[in-house]
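The following paragraphs lead the reader through one structure. Please keep the sequence and the model in view while reading.

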Amino acid sequence: MGSGTTLVEAKLLNRHVVGVDINPQSVSISETNLQFQCETNSKICIRNGNATDLNFIKDSRIDFICTHPPYANIIKYSKGIEGDISLFDVEEFLNEMKKVANESYRVLKKGKMCAVMIGDVRRNGKVIPLGFRVMECFLQAGFTNKEIIIKEQHNCRSTAYWEKQNNNFLLIAHEYIFVFQK
Ligand SMILES: C[S@@+](CC[C@H](N)C(=O)[O-])C[C@H]1O[C@@H](n2cnc3c(N)ncnc32)[C@H](O)[C@@H]1O
């Protein structure tokens with residue numbers, strides 16, 4: 001959920017929605033951001049929970065998944081909440097993302113889509129293709145690739161630098177939206 005952007009859009013689009021975040025602060029920020037009137041009638045369910053275990057959702061119940069996990073530990077979203085995957089370095093993070101992918105596959109209806117936004121990271125001057133490694137987690141869970149969308153990462157430290165270079169080659173100034181199909 002983060003600050004609840006996906007839930008806000010779901011409310012505007014009149015879609016029933018279940019939002020999950022491990023951080024209770026995200027729950028309260030999302031609740032605040034959802035306090036607006038609109039002419040839709042969507043049911044909104046907010047859970048303070050772990051995306052690696054969606055046991056409160058039965059198999060094949062969900063029409064669409066939209067998830068935006070941390071990019072390993074480049075931004076830490078809490079100071080020690082158990083299960084917060086933003087506290088894990090790459091390999092541990094990917095182990096948790098495998099569980100997220102398996103749970104996503106389980107709860108989604110057959111033929112429906114799962115969208116995952118994720119970016120790459122750099123360690124000791126070298127690129128770690130976190131996006132493609134997360135993509136592999138979802139493919140191993142049983143999904144197929146429907147689309148790979150590349151999006152400019154607006155709040156990235158290096159974006160402004162690359163924009164000024166006046167060419168079309170941008171290094172880690174983008175993130176991916178993988179659209180998987182069950
Ligand atoms: C990149 S942010 C999401 C931002 C969101 N798209 C928005 O618009 O605000 C990642 C979120 O994942 C949450 N998170 C970390 N580990 C989690 C887990 N195991 N289960 C569910 N949420 C988790 C963090 O608390 C954080 O709010």
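**Strand S7 and a guide to the model**

Ile150 is found in strand S7, which spans residues 144–152; helices (H or I, at least four residues) and strands (E, at least two) are DSSP runs, numbered from the N terminus. The model is predicted, so local features need pLDDT of at least 70 and side-chain atom pairs count only at pLDDT 80 or more, while totals for chains, interfaces and linings use all residues. Residues are numbered from 1 along each chain as its sequence is written, and side-chain values use heavy atoms, with hydrogens and water left out.

Ile150 counts as exposed because its relative accessibility is 57%; buried means under 20% relative accessible area, exposed over 50%, and partly exposed in between (1.4 Å probe, protein chains only). Its C-alpha atom is separated by 9.6 Å from that of Gly119, a residue 31 positions apart from Ile150 along the chain.

A polar backbone atom of Ser3 is 2.8 Å from an oxygen atom of the ligand. A polar backbone atom of Ile22 is 3.3 Å from a nitrogen atom of the ligand, and a polar side-chain atom of His68 lies 2.9 Å from a nitrogen atom of the ligand. Taken alone, the ligand exposes 610 Å², and the protein buries 87% of that; accessible areas come from the Shrake-Rupley method with a 1.4 Å probe, and for residues only the protein chains shown count as cover.

Which residues of the largest nonpolar core touch the most other members? Among its 32 residues they are Phe93, Met97, Cys114, Leu130, Val134, Phe138 and Phe180; such a core is a set of buried Ala, Val, Leu, Ile, Met, Phe, Trp, Tyr and Cys residues joined through side-chain atoms within 4.5 Å. Two or more residues of this core are given by each of strand S3 (62–67), helix H3 (90–107), strand S4 (108–118), helix H4 (130–140) and strand S8 (174–181). Helix H3 supplies the largest share, 7 residues.

Two of these helices also carry partly exposed residues. Arg106 lies in helix H3 and counts as partly exposed because its relative accessibility is 23%. The C-alpha atoms of Arg106 and Phe180 are separated by 13 Å, the two residues being 74 apart along the chain. Glu136, in helix H4, is partly exposed at 37% relative accessibility. Between Glu136 and Leu94, 42 residues apart in sequence, the C-alpha distance is 9.7 Å.

The loops complete the tour. Most residues other than glycine have a negative phi. Ser60, in the loop between strand S2 (44–48) and S3, has a positive phi near 50° and is partly exposed at 36% relative accessibility. Ala72, in the loop between S3 and H3, likewise has a positive phi near 50°, but Ala72 is buried, with a relative accessible area of 0%. Leu34 lies in the loop between helix H2 (24–33) and S2 and counts as buried at 9% relative accessibility. The C-alpha atoms of Leu34 and Asn155, 121 residues apart along the chain, are 23 Å from each other.

Note on methods:
Polar contact = N/O pair within 3.5 Å; in protein donor to acceptor, adjacent residues only side chain to side chain.
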